[in-house]
Amino acid sequence: QDKSANSYVQELLKLPQGEIYTSSLELNSDRGEIEIPYKPILRYATPVVLNGRIYGIVVINVLIEDILTPLGLGTSHAFLIDRDGYYLYHPIFTKRWGRELKTNITLDNDYPQLRSAILRGATNTFNTDEFFFSFVPIRLTGENNPRWYLVTFLPSSTALAPLSDSQNNGTLLLMFVLVGASLVAVFGSRLITAPLIDLTRVAET
């Protein structure tokens, strides 16, 4: 199946040799259609380059659904947004994936002042009359600006209650996958591309 028109392929081809491309966290699609049931996915890719010519690309797909699920467990709630405020995970299913599903539902629709507080980065908490919010930026290795923000929230009356073990574990696991997987991708892609480059070199001689 020809993937050359996909946005991640176009972005990858713009990178300098040896760089690793990390996609947005998005819903997987096949032949231009979003797969159902939805499959949240993160892609890492690198080109196979020999003598300045690109012979192909290596793509590592990381399925994220099972990593996001624990965020919905426990006494508090959590959601994950991208830098534009779109929900990638939310306890209310219909709020998720507003960009790709064309619903255009974002954090701005619900709590515009919270979005402003998150982007300012001056604090990691925010409260309204109803809820107490705590948030943390998620940066990929080598990037200065956050890709995503993980937000937990509780009713203000129970704001001091601790997160459950399952949600704590889910949060840590999510952080590991989104940040740590980028390191794995770097080394894994190099292990994969090295023999492919050798095969290409042999084929040319």
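Biologist: Which residue takes a positive phi in the hairpin of strand 5 and strand 6?
Modeller: Asn51, with phi near 55 degrees, and the hairpin has two residues between the strands. Strands here are DSSP runs of E, at least two residues long, and helices are runs of H or I with at least four, numbered from the N terminus.

Biologist: Before we go on, what should I know about the model and the numbering?
Modeller: This is a predicted model, where local features need pLDDT of at least 70 and side-chain atom pairs count only at pLDDT 80 or more, while totals for chains, interfaces and linings use all residues. Residues are numbered from 1 along each chain as its sequence is written, and side-chain values use heavy atoms, with hydrogens and water left out.

Biologist: Thanks! How many bridges join strand 5 to strand 6?
Modeller: Ten, between residues 40-50 and residues 53-63, and the two strands run antiparallel. Pairing takes at least two DSSP bridges between two strands. As one example, Val48 has Gly56 in strand 6 as its bridge partner.

Biologist: And how many helices and strands are in the protein chain?
Modeller: Five helices and eleven strands.

Biologist: New topic: which residues have the most contacts inside the largest nonpolar core?
Modeller: Leu25, Leu42, Ile64, Leu80 and Trp148, in a core of 18 residues. Such a core is a set of buried Ala, Val, Leu, Ile, Met, Phe, Trp, Tyr and Cys residues joined through side-chain atoms within 4.5 Å. Buried means under 20% relative accessible area, with a 1.4 Å probe and protein chains only. Elements supplying at least two core residues each include strand 5, helix 2 (65-68) and strand 7 (77-82).

Biologist: What does Leu25 touch?
Modeller: Ile41, Leu42, Ile64, Leu80, Leu88, Trp97 and Trp148, leaving out residues up to four places away in sequence. Contact means heavy atoms within 4.5 Å.

Biologist: Where is Thr152, and is Thr152 buried or exposed?
Modeller: Thr152 sits in strand 11. Thr152 counts as buried because its relative accessible area is 15%. With residues up to four places away again not counted, Thr152 touches His77, Ala78, Phe132, Phe133 and Ser134.

Biologist: How much of the protein chain counts as buried?
Modeller: Of its 205 residues, 40%.

Biologist: Last one: what share of the contacts with a separation of 6 or more comes from residues 24 or more positions apart?
Modeller: That share is 50% in the protein chain.

Terms used: Buried < 20%, exposed > 50% of the residue type's maximum accessible area, 1.4 Å probe, protein only.
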